[in-house]
Amino acid sequence: MAKTIIISNRLPVQLQIGKGTINAIPSVGGLATGMKSVHKGGESLWIGWSGLTDEDIHISLAPKIDEALAKHGCTAVNLSEQEVEGFYYGFSNRTIWPLFHYFMEYAEFELDFWETYKSVNQKFADAIIAQSDDDDIIWVHDYQLMLVPQMVKEKKPNASIGFFLHIPFPSYEIFRTLPWREEVLKGLLGADLIGFHTYDYERHFLSSVRRLLGLEVSFNEIYLQNRVIKVDSFPMGIDYNKFSNAAKKKMANAQRSDLQEKLDSHKASAPGTKLVLSIDRLDYSKGIAKRINAFEYFLNKYPEYQEKIRLIILAVPSRSNVPQYQLLKREIDELVGRINGELATVNWTPIWYFYRSLPFDSLIDLYTSCDIAWLTPLRDGMNLVAKEYIATRTKGTGVLILSEMAGSAYEMNEALLINPNNFEEQADTLKQAITMPEEEQANRIEILQKRLSRYNVEVWANSFMETLIQQKEESPARVAK
Ligand code: ADP
Ligand code: G6P
């Protein structure tokens, strides 16, 4: 029977070696959390990196590792420390990530990174070639694996290959600065269908293909000599019922968790007290430092809210070997320390800051207990946290403040949309959120919930798959014309 092969750098679980044991920890990040729901429901095999390096793995542990991954329907591409350095920390996260998020000054163009990226992409492609049958559907994910589609197509010209980019595709003026821009585009063109979160990313990609490769491009198709490639936007959804049901279960449970108790006690400390939540991986693209500065600005502009509002920042450790992430960590530590030091009173700490990953259950506690979610990425391919927050607001209250630079803003017009660089607007919007009547909150949330439950992650995956299958069927006839 034909199966779907999902391939991404990050698997849905990360392995850690304990004392003679292997522990599988859920991965954080939109790709892993979203695709996990798709993978669970179907006949699929997921190929990716386990998070361990060859140097971590003693030969005696190898079978246990395979077994631990097999339980999750996964199989590993093993990488050495040197490969992880050049491919993952290097080209993926010091070149492509900053460039595609418009942080040009952070992008490093190192030939060594590029060479390792190519050889590791070949490793992933070889794993697919070895493990796929001719009628399988191959779905490649994200910026770490942009050369894989072409590498697979070369060896398996009849394979159905889809590629989805989970981050923005930047405008041509940014993309053209990449020294290996043609190679990256040609790598992607091995796919039969290339998907993006938004129409703008799709448009930017097509413009680069036309201008850099000189290929014939129509509205959303690219014409090669022997096939037609479709390019389209598929805004990724969430596993809506999972979040909504988890929230309902919480509401029905009279027993409160320690975290809920703590959050409740803060709200009970003074009438009208509000909790504002911000959750992100600790990443410069998420605008965390600017958000903290904007919060200080707000407290100074509207001092009547001091002691009546608390900002909860949950920052999940991410890519901590990359210098920019280390600098950001230090900047945020200092900012939080300074603001709390200057403004805290005996009864009040303005910011609660957690630098860790939390279990799903605690995430739901935070989503359901906080009155406002404040998400201000400077650039974000999608931002699933915004959608998850809305799905958990089963009582119909809560306000989402969302950056217009997030892909999800295109589908969430009923949120309060802001420009993260405009402090004045951010402060005023926070005040608007605090004072928004419950009826208005409910109206906005109801519309958002309807939309998110309809366009959930399953609908997203099916729509991508159906388009891919249709494209494969139609492409030969189109070329013959
Ligand atoms: P990105 O993919 O850039 O990290 P998204 O907002 O799209 O951003 O996705 C983040 C995902 O990680 C969400 O599905 C969210 O539930 C999950 N997540 C975020 N913070 C935590 C945390 N502290 N613990 C566990 N999962 C988290
Ligand atoms: C974003 C990327 C994913 C990545 C995730 C977490 O969502 O699009 O590809 O997996 O961040 O980052 P990490 O580097 O830990 O895999």
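This is a predicted model: local features need pLDDT of at least 70, side-chain atom pairs count only at pLDDT 80 or more; totals for chains, interfaces and linings use all residues.
Turning to ligand 1, we find 16 residues around it, of which the closest are Gly-29, Gly-30, Thr-33, Leu-384 and Val-385. Which elements supply at least two residues each of the shell around ligand 1? They are H1, strand S12 at 274-281, strand S13 and helix H14 at 384-392, and the largest share, three residues, comes from H14. By class, this shell has nine nonpolar, five polar and two charged residues.

S12 and S13 bring us to the sheets. They belong to an open sheet of six strands, which has the order S14-S13-S12-S15-S16-S17 and parallel pairing. At its edges are strand S14, residues 351-355, and strand S17, residues 416-418, each of which pairs on one side only, and neighbouring strands of this sheet are turned against each other by 20° on average, if direction is ignored. Strand S13, which covers residues 309-316, runs parallel to S14 and is joined to it by five bridges, with Ile-313 standing opposite Tyr-353 of S14.

There is also an open sheet of nine strands with mixed pairing, and its order is S5-S4-S1-S6-S7-S8-S11-S10-S9. Strand S5, at 74-76, and strand S9, at 216-217, have a single partner strand each, so that one side of each is left without a neighbour in the sheet. At the S9 end, the pairing with strand S10, residues 221-223, is antiparallel over two bridges, and Val-217 stands opposite Ile-222 in S10. Helix H5, residues 148-155, lies across strand S1 (4-10), strand S6 (137-141) and strand S7 (160-164), and runs at about 175° to S7.

Let me come back to H14, this time for its packing against another helix. H14 and helix H16, residues 438-454, pack at an angle of about 115°, with their axes 9 Å apart, which makes H14 roughly perpendicular to H16. The crossing of these two helices is left-handed. From H14, Lys-387, Ile-390 and Ala-391 meet Ile-445, Leu-448, Gln-449 and Leu-452 of H16, and by class this contact has five nonpolar, one polar and one charged residues.

The other helix pair I want to show is helix H10, residues 258-268, with helix H13, residues 360-369, which pack at an angle of about 20° with their axes 9 Å apart. That angle makes H10 roughly parallel to H13, and H10 passes H13 in a right-handed crossing. Leu-259, Gln-260 and Leu-263 of H10 make the contact with Ser-362, Asp-365 and Ser-369 of H13, and by class it has two nonpolar, three polar and one charged residues.

Terms used. Residues are numbered from 1 along each chain as its sequence is written. Chains are lettered from A and ligands numbered from 1 in the order in which they are written. Two strands pair if DSSP finds at least two bridges between them. Helices (H or I, at least four residues) and strands (E, at least two) are DSSP runs, numbered from the N terminus. Axes are lines fitted to C-alpha atoms, for helices over the stretch in contact, and angles run from 0 to 180 degrees between N-to-C directions. A residue is near a molecule or strand if its C-beta atom, placed from the backbone, lies within 6 Å of it. Ala, Val, Leu, Ile, Met, Phe, Trp, Tyr, Cys and Pro count as nonpolar, Asp, Glu, Lys and Arg as charged, and the others, Gly among them, as polar. Angles under 35 degrees count as roughly parallel, over 145 as roughly antiparallel, 65 to 115 as roughly perpendicular and the rest as oblique. A crossing is left-handed if the near helix is turned anticlockwise from the far one by less than a right angle, and right-handed if clockwise. Two residues are in contact if their C-beta atoms, placed from the backbone, lie within 7 Å.
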